[in-house]
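I opened my notebook today to look up a few things in a structure.

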Amino acid sequence: MLLAIDTSTGTSVAVVDRDGASGELRRLAETGTGDTMRHAEVVGGFIRDALAAAGVRAGDLSGVAAGMGPGPFTGLRVGIAAAHAFALGISKPFVPVVSHDAVAWSWYRDGGAGALQVVTDARRREFAISEYDGLDGDGLPVRTDGPRLVPRDDVPGARGIRLDAAVVPAGAIGMLAELAYAARRLPLAEDAPLYLRAPDVTPSAGKRVPQ
């Protein structure tokens with residue numbers, strides 16, 4: 001049973017479970033908002049509400065999964081920091097997941113087929129895009145390109161379906177982590193935020209003071 005958090009676009013929190021005998025994936029609770037400005041204000045309440053709705057105590061969880069982006073710096077780090085802190089607090093593993101992979105997995109799971117282009121708003125007149133080509137034998141999305149940044153007016157034409165995602169479902173983040181664990185394919189991603197953009201502030205080279 002996992003707590004899952006994503007703040008790469010809006011804010012989404014879920015509790016998911018995978019039945020050990022049947023392999024059935026279950027979304028026990030999920031809550032969120034498409035608001036891209038109030039991640040820090042709402043994420044704590046969403047975690048509390050998701051656990052309460054699922055009837056789950058923190059100690060019942062096996063780990064915490066988080067969407068690592070791509071996403072804007074300020075919002076993305078809120079969810080990752082919250083997930084890291086919660087995992088540390090309950091002494092359970094932290095599982096990083098590429099947020100675009102969760103969007104793609106949800107689309108294919110709901111009956112989508114063929115090539116898919118996932119697009120999310122990266123701000124500053126740029127989009128983050130990833131390309132997919134179905135699910136593999138373990139039920140995980142096959143990413144063929146990305147994630148990468150492109151100017152809004154220069155998004156390449158999709159080979160199949162273009163999917164613009166306003167919210168990354170935390171339930172899908174958790175279910176991908178569950179599938180990867182069952183297939184012994186963890187980690188799915190590096191434990192590092194996918195900002196895709198160089199920082200605005202760089203360390204100073206130092207200032208010489210006259211003697």
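My entries below cover a helix, a pocket and a loop residue in this predicted model.

**Entry 1: helix α4.** I started with α4, which runs over residues 170–182. I noted 13 residues and a reach of 19 Å from the first C-alpha to the last, close to the 18 Å expected at 1.5 Å a residue.

Is α4 enclosed or open? I looked up burial, which here means under 20% relative accessible area. I found that 11 of the 13 residues of α4 are buried, so the helix is largely enclosed by the rest of the structure. Among the buried ones I wrote down Ile173, Met175, Ala177 and Glu178.

Just after α4, I came across Arg184, which has a positive phi of about 60°.

**Entry 2: the second largest pocket.** Next I turned to the second largest pocket, which holds about 160 Å³ of space. Which residues line this pocket? I listed Met1, Leu2, Ser62, Gly63, Pro93, Val95, Ala177, Glu178, Tyr181 and Leu186. Helix α4 turned up again here, giving the most to the lining, with 3 residues. I sorted the lining by class and got 7 nonpolar, 2 polar and 1 charged.

**Entry 3: Ala21.** Last, I picked a loop residue. Where is Ala21? I found Ala21 in the loop between β2 (11–18) and β3 (25–33). Buried or exposed? Ala21 is exposed, because its relative accessible area is 81% and the cut-off for exposed is over 50%. I also checked Ala21 against Arg197, 176 residues apart along the chain, and their C-alpha atoms are separated by 43 Å.

Note on methods
Residues are numbered from 1 along each chain as its sequence is written. This is a predicted model: local features need pLDDT of at least 70, side-chain atom pairs count only at pLDDT 80 or more; totals for chains, interfaces and linings use all residues. Side-chain values use heavy atoms; hydrogens and water are left out. On a 1 Å grid over the protein atoms alone, a cavity is a set of points where a 1.4 Å probe fits but cannot get out, and a pocket is an open set with protein on both sides within 12 Å along at least five of seven lines; lining residues have an atom within 4 Å of a point. Grid points are joined across faces, edges and corners, and a volume is the space filled by probe spheres set on the points. Helices (H or I, at least four residues) and strands (E, at least two) are DSSP runs, numbered from the N terminus. Ala, Val, Leu, Ile, Met, Phe, Trp, Tyr, Cys and Pro count as nonpolar, Asp, Glu, Lys and Arg as charged, and the others, Gly among them, as polar. Buried means under 20% relative accessible area, exposed over 50%, partly exposed in between (1.4 Å probe, protein chains only). The expected span of a helix is 1.5 Å times one less than its number of residues.
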